[in-house]
Amino acid sequence: MHIPKVLLVNDEPSSPLALEGLLAPDADACGYELVTARSGNAALREVLRHDFAVILLDIGIPDMDSFDTAAAIRSHPRSAAVPVIFVSADAGEAHRLDAYERGAADYLCAPLEPQVVQAKVRTFVELTRKHLQLQAQAEESRRITAELRSQRLQDLELANRELELEVAERKQAEQRAHELSTRDPLTGLVNRRSLIQHLEHAVASCDRRRSQFALLFLDLDQFKQVNDGFGHDVGDELLRQVAARLSAAVRASDVVARLGGDEFVVLIEGRAPGENAARVARKIANAHARPFSIGGHRVHTSTSIGIAVYPQDGASARALMKNADLAMYRAKEEREHPGGQGRKGDSQGGKGDSQGGNIRFFHEEMNRREDEREQWTGELRHALSHDQLALVYQPQVDLASGRVRGVEAQLVWHHPRLGQIDAAAFVPAVQDRGLLERVDSWVMGAVCAQAAAWRGGAEPLSTARVALNLVAPALGPDLPARLLAEFRRHLLPAGAIVLEISEALLAAHHAAIEPLLRQLQAGGVLLALDDFGHAGTSLAACKKLGLDILKIDPAFVRNIGDASGGTDLVAAIVHLARALAMEVAAGGVDHAHQLAVLKTLGCDSWQGALFCAPRSAAELAQALPGLILTDLPEQHLT
Ligand SMILES: Nc1nc2c(ncn2[C@@H]2O[C@H](COP(=O)(O)OP(=O)(O)OP(=O)(O)O)[C@@H](O)[C@H]2O)c(=O)[nH]1
């Protein structure tokens, strides 16, 4: 704490007015400091240097008049408020009054009474101390106020920063929520919901401007196999890379969306959208021709693309999507069943084959076909539950012995309107895989039951193996279990049942099918490759899969003897099948000369109208004995 000072202006320490000796003991006791000046000028210098509690001014100081000194002290702002006590040997009233008028706080006359002087000085010292205390307190409260203000400012700044941060976070969260609601999380493309909005916007703007836009609907081919073969992560990465290639193939203004699974949509606005769409579709298909490199794997894929143009191919966003989807579906069918009857798209729809995919434009005809398909599907569902399905059997004859070696069961439908129709007439129109699998279950049950019934009867059916065909487009993973359950339920011996597998099914699902085939063979079911030569299956694949029987496509049999080398082709097939230790059977044998050639080539068995058209089980059992003895054209068999 600041120590109060007292200035003694006194020229002569030994004079009767000498103040030092008088105040020194009191200064020590009361805690103040004495400063002495021996002249008026010295006093002024001290005043400029220190703050004093009180000044005791001896009137008889040298070099300046005491009153002038007092006036000089009072005139300076630093010392104006310091009380000045005059000390004088002159106790005259006039002198005293003069001193008070010049601002003296007190006037002391000799002889000085020490206690009085000390008491007066102490009072001013005490006042100064109080004043200093108050000043210190005021200073402290100013400091606290300043600190509080600064603290408050800091708090405010902090609160402000926190608020700004919260606002930014909220904005980010809103942005994220917006992206989540409009973007597909896997690929970052526009999602289905957002695409619908883009479409509706495009519809409105085209209506206003009387313009057009095109929609490309894409679906990857055999994507499931990528998941099954390489794992879901590779499937995900393929989807991401496909998304990137799609985005790279279109302009920035075009919208690329992922609907889900392996389905994508591209929306193309601007001039000549139809032509543009075809060009973009080719570009996209070509972009799929290059393999994708994923985690050390080279993954091949292709895409089926359907194109619909607004407004001619659909009067609303929804209708356009449906029709582009339909066109895509046709493109896929065309790819999976090239030249397939009933599955081939309409010739007016327009199609394009690029290496990495198949492209089709929508045409109204497709809708008509779709309606037909729906009708077939509904009627087949009804047929299944109303006993309208049946099996007919065509014998398969051993070429060497002429005896019936087996029968092929064929599915027919006693249609209430159309009469009896073959499976080929309706199966391609039914897209409901689940329904087709239910039909297959029925076929498996009926064939096994019939085979078991014949087993208990007369030759040759009691030893004939019964072949069956499936209608579902793929062998489901549970198929072996379903077929073997029927097989065992009817106590059939190994080799009693032959499963005929189409080439198309084998080609499309080669990797996944192998363990299923092994399971069937292990359970005693023989396996035949149906209609060989139809879809270009390699014999190496047959060998790898260990198939038992190879059935030559009737189309090749029909060409036996023609000028284009049909016989040579059949000869080559028989030869190769022999080299692979497979049994060879021929289907669709309608003429005796075909049979003669097949025998010469070393074919094992045959079936066809030449011997017997497909018949119901009962009719066949009745007809067989006579057929074996009488109908074979022996002259052609030698
Ligand atoms: N990896 C991955 N697979 C998915 C995703 N969403 C759906 N899938 C799978 O994608 C497959 C799509 O089915 P489909 O289109 O019928 O399969 P596909 O093999 O391409 O058949 P086609 O289109 O007839 O050629 C199914 O196996 C789904 O499980 C996904 O986000 N990631």
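**The packing of α2 and α3**

Mentor: The axes of helix α2 (residues 40-49) and helix α3 (residues 66-75) come within 10 Å of each other, and they cross at roughly 15°. Because angles under 35 degrees count as roughly parallel, α2 is roughly parallel to α3. The crossing in which α2 passes α3 is right-handed. On the α2 side, the contact is made by Gly-40, Ala-43, Leu-44 and Val-47. On the α3 side, Asp-68, Thr-69, Ala-72 and Ile-73 take part. Sorted by class, this contact of α2 with α3 holds 5 nonpolar, 2 polar and 1 charged residues.

This pair should be read against the whole protein, which is a predicted model. The secondary structure of the protein amounts to 22 helices and 22 strands. Of its 638 residues, 36% are buried.

The ligand is surrounded by 16 residues, of which the closest are Asp-221, Phe-223, Lys-224, Gly-235 and Gly-261. Two or more residues of this shell come from each of the elements β6 (213-220), α7 (223-230) and α8 (232-249). By class, the shell around the ligand comprises 4 nonpolar, 6 polar and 6 charged residues, whereas the contact of α2 with α3 has 5 nonpolar, 2 polar and 1 charged residues.

Technical notes
Residues numbered from 1 in each chain as written. Predicted model: local features only at pLDDT ≥ 70, side-chain atom pairs only at ≥ 80, totals over all residues. Helix = DSSP H or I, 4+ residues; strand = E, 2+ residues; numbered from the N terminus. Buried ≥ 20, exposed ≤ 12 C-beta atoms within 10 Å, placed from the backbone. Near = placed C-beta within 6 Å. Nonpolar A, V, L, I, M, F, W, Y, C, P; charged D, E, K, R; others polar. Axes fitted to C-alpha atoms, helices over the stretch in contact; angles between N-to-C directions. Parallel < 35°, antiparallel > 145°, perpendicular 65-115°, else oblique. Left-handed = near helix turned anticlockwise from the far one by under 90°. Contact = placed C-beta atoms within 7 Å.
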